[in-house]
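Let's take a walk through this one together, going from the domains to the chain contact and then to a couple of local spots. Keep the viewer open as you read.

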Amino acid sequence: MAKPIKVNVEKCIGCKSCSLVCSLTKTGSIRPKAAGVVVHIDQFKKEEKPILCRQCKKPKCVEVCPTGSLTQTEDGVVILDKSKCTGCWACVDACPFGAMHRDPIDKAAVKCDLCYGSSDGPRCVSICPVQALTLPGEA
Amino acid sequence: MFTSQGKLAIVNLSSGEVQFTYTPQKLVDKYLGGRGLNMYYLHKLLKPGVDPLSPDNVLIFGAGMLTGTLAPNSGRINITAKSPESGILGDANIGGFFGAEMRLAGFDRLIILGKASSPVYLYLEDGTLEIRPADQYWGYNVNDTQKRLRHDLGEDIQTACIGRSGEKMVRMACVMTGLKNAAGRGGMGAVMGSKNLKAVVVRGNQGLQVHDAAGLYKTRQELQQYLLKSKVCQTLGKVGTPLLYENSNNLGAMRTNNSQHNSFAESLNAGEVEKFAEKMLSCYNCVVHCRHRNKLGGEGPDYSTLALLGANCGIADTAQVIELNNLVNDLGLDSSSTGTVIPWAIELYERGIIGDKLTGQPLEFGNFELVKSLILDIAERRGLGNLLAESSQAARFFGEESKDYLIAVKGLPQSDPHDVRYIKSFALGIATSSRGADHLRSRPTLDILGLPAEVTKKIYGSPISTDVTTYEDKEKMVYYHENMYVITDCLGICKFICHSFNSPNLLNDEHFATLVKETTGLKFTPAELKEIAKRIIDLERIINMREGVTRADDTLPKRYFDDEMPDGKTRGHKIDRQEFAKMLSLYYQLRNWDQDGKPSTVRTAELEELAAVELAETAGVSVKELAAIELEGMASAKLKKRNDGKLETAEGGVA
């Protein structure tokens, strides 16, 4: 079964490069708030926290999605068919980890699907300059 | 228009009028963005001789052409106005996340005119701009202002604001974002304060389009791998800029006790500072991450702050210096100027040039509590602090003789803690810097690396002397480094990944041309970028000449000419006036300036022709017409014609 990208919050420097490249991949433009991985940064609370989908075995988001835009593949990756998404945000409310993100421009959800279907693997992992995001099994 | 181009908003705080337009392509071709276009608009809109703290000053927030994009380290923006500290052009570059968010909200540039009748802040979101009351934020320092705005507006905003020092128009007040990032130089925070502008708040959801997403991603990956292999980038990422403290101090070139000495304690070495670091942080899309989160509740210190509030004030205790760093950041004070004028006053006191009657207390080096109280007094304009809040202009209270001990050029206190009497290229660099004594206009120090002739030939066009103490070839270095840094400032890229900043490698104009093409679709050759850089430096010169700058102002603090360095390996070195004058003349020749430092008539004519381009040409509204238009509130629905022929409402929608 698919395993989520591992996040090492201690290593994260808060550069948002992961969000940039993800949004470019998912939306065709640079919109770090509308990415599968969104980095929550609060310098005043000392937080740099990439938030992305954990690929739950029993995903609540899939359960609540009224349009069938969210599905789980056989190998356990939760994927989103943006064309079916109406932006009702039921998945955003249902996700216990805050890992479903809103794209307010396209009025659709955005989530990490491990760059499903790409032979290169997740771009956020490739671009992270400090290996704060790694694939399962990597350090 | 180029792909990713955002709006230019012209905000008149006196009338409440806001207009939107786009910078015409012919100006983008000549000035790129960031610092370049800021200078264009400053030159065009600023009337010479105006009081920088009056409503007549023109304040410009201008993002770089690549700011906010996937180009590495592309989080920077320039804030520009006439400087209340120096009286010439003021221009400060700032990292963090603000500039990128401004572009993600659809804005490339804000031109802020006039003065609000009561405190306001600007709120920008996805192509819209509002002038909002800021009474509830006035009176707070930098951290509390940002926390309150986040509380009230949500955590997905970015803010550039002033602290109390800016409100009180302290002439070295910064514009700040986050806990540490500062548009530090030249008193841009004082200009905001003079306009009753507490903050600019941005929220960007609409994002940026790019011309060639696949190409840009590939280039980014390649450049990142290249940069991460660089030892300079690796070391900056581990210990930040304090690494330079050790270099300068070991060399014997550390400004100490107002440059009366040139070496100081090892307790401020990077390894000692590192003990206070919780984590290293980055700005937007940065691969270097040179900013410390310190254990004392702030971020930093960087090298300049560390050394100027440390060595230059005679304070060796690492924790105390970090506490002072956190304090100036929260107050919104430029650490470079603060860390220059306080030691200046202390020396003046010790020499008897100023006395207890003026200072109200004895002044001495190495007294942490004294320096801390003076910093607080400067921010609040109390007692001696009220005089020091005038920065270099405090000389009018301290007397003519006091100027002999002020480490400033063109009225701007020197930023880099490096005592430039030893490295002659560095000396020329702070003398010619268009904003006054500053290292981030050139920092030409590659000669100290002793690079082989073939390497320096590749960089500078001909081999240069690697003897840092001679006056030979130094003009070539300053010329080259100045041109390079103009381009990074125009693109919104951090100098730490830039070719020739502490390294003969890293990103150069060829890399930048590729990034520009893939992001915007615009094509520039490296030679064209160099020509743009030269044009912008000429324009800056003309702006400064309008304010009275002459060759006589391209000089150095008197001490650098007259006093020999007293300590260590650099002992005995100083700047020879005649050799300096020769070096300056050669620099003028390279710039094609006459021996008075005046740009050529051909260039002047070109710049005048460009200045005649209508500010709102794409909107079909001239500047004069803009000023004359009375808008009814902020929700004016005036339609303007865009480049693409569509009509746009003032709210940014397309009709």
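This is a predicted model: local features need pLDDT of at least 70, side-chain atom pairs count only at pLDDT 80 or more; totals for chains, interfaces and linings use all residues.

Domain 1 of chain B is made of two stretches, 213-227 and 240-412, while domain 2 covers 424-607. Taken over C-alpha atoms, the centres of these two domains of chain B sit 24 Å apart.

How many residues does each domain bring to the contact between them? Domain 1 of chain B puts in 33 residues, and domain 2 of chain B answers with 36. Interface size is often quoted as the accessible area that is lost when the parts come together. For domain 1 and domain 2 of chain B, that buried area comes to about 2,700 Å², and carbon and sulfur atoms supply 62% of it.

Two salt bridges are counted between domain 1 and domain 2 of chain B. Have a look at B:Lys410 and B:Asp554: they form a salt bridge, with 2.8 Å between the closest N and O atoms. Of the domain 1 side, α7(B) provides the largest share, six residues. Sorted by class, the domain 1 side that touches domain 2 of chain B holds 16 nonpolar, twelve polar and five charged residues.

Now pick out helix α18 of chain B, residues 424-432. Nine of its nine residues are buried, so the rest of the structure largely encloses this helix. The buried set runs through B:Lys424, B:Ser425, B:Phe426, B:Ala427, B:Leu428, B:Gly429, B:Ile430, B:Ala431 and B:Thr432. And what covers them? The cover over the buried residues of α18(B) includes β16, α20 (474-491), α23 (558-562) and α24 (577-591) of chain B.

Next, zoom out to where the two chains meet. Chain B contributes 45 residues to the contact and chain A contributes 34. Between them, chain B and chain A bury about 3,100 Å², with 56% of that on carbon and sulfur atoms. Six salt bridges turn up across this interface. One to find is the pair A:Glu48 and B:Arg293, a salt bridge whose closest N and O atoms are 2.4 Å apart. Across the interface of chain B and chain A there are also 18 residue pairs in polar contact, both residues being at pLDDT 80 or more.

Which elements of chain B give two or more residues to the side that touches chain A? They are α3 (98-104), α4 (142-153), β13 (208-209), α7, β14 (277-281) and β15 (291-294). Here α7(B) gives the most, with six residues. By class, the side of chain B that touches chain A splits into 15 nonpolar, 17 polar and 13 charged residues.

One last stop: B:Gln589, which sits in helix α24 of chain B. Is B:Gln589 buried or exposed? Its relative accessibility is 52%, so B:Gln589 counts as exposed. From B:Gln589 to B:Ile532 is 57 residues along the chain, with 18 Å between their C-alpha atoms.

Technical notes:
Residues are numbered from 1 along each chain as its sequence is written. Chains are lettered from A and ligands numbered from 1 in the order in which they are written. Side-chain values use heavy atoms; hydrogens and water are left out. Domain bounds come from an automatic or database domain assignment. Contact means heavy atoms within 4.5 Å. Buried area is the accessible area (1.4 Å probe) that two parts lose on being put together, summed over both. A salt bridge is a side-chain nitrogen of Lys or Arg within 4 Å of a carboxyl oxygen of Asp or Glu. Helices (H or I, at least four residues) and strands (E, at least two) are DSSP runs, numbered from the N terminus. Ala, Val, Leu, Ile, Met, Phe, Trp, Tyr, Cys and Pro count as nonpolar, Asp, Glu, Lys and Arg as charged, and the others, Gly among them, as polar. Buried means under 20% relative accessible area, exposed over 50%, partly exposed in between (1.4 Å probe, protein chains only). A polar contact is a pair of N or O atoms within 3.5 Å; within protein, one must be able to donate a hydrogen and the other to accept it, and residues adjacent in sequence count only if both atoms are side-chain atoms.
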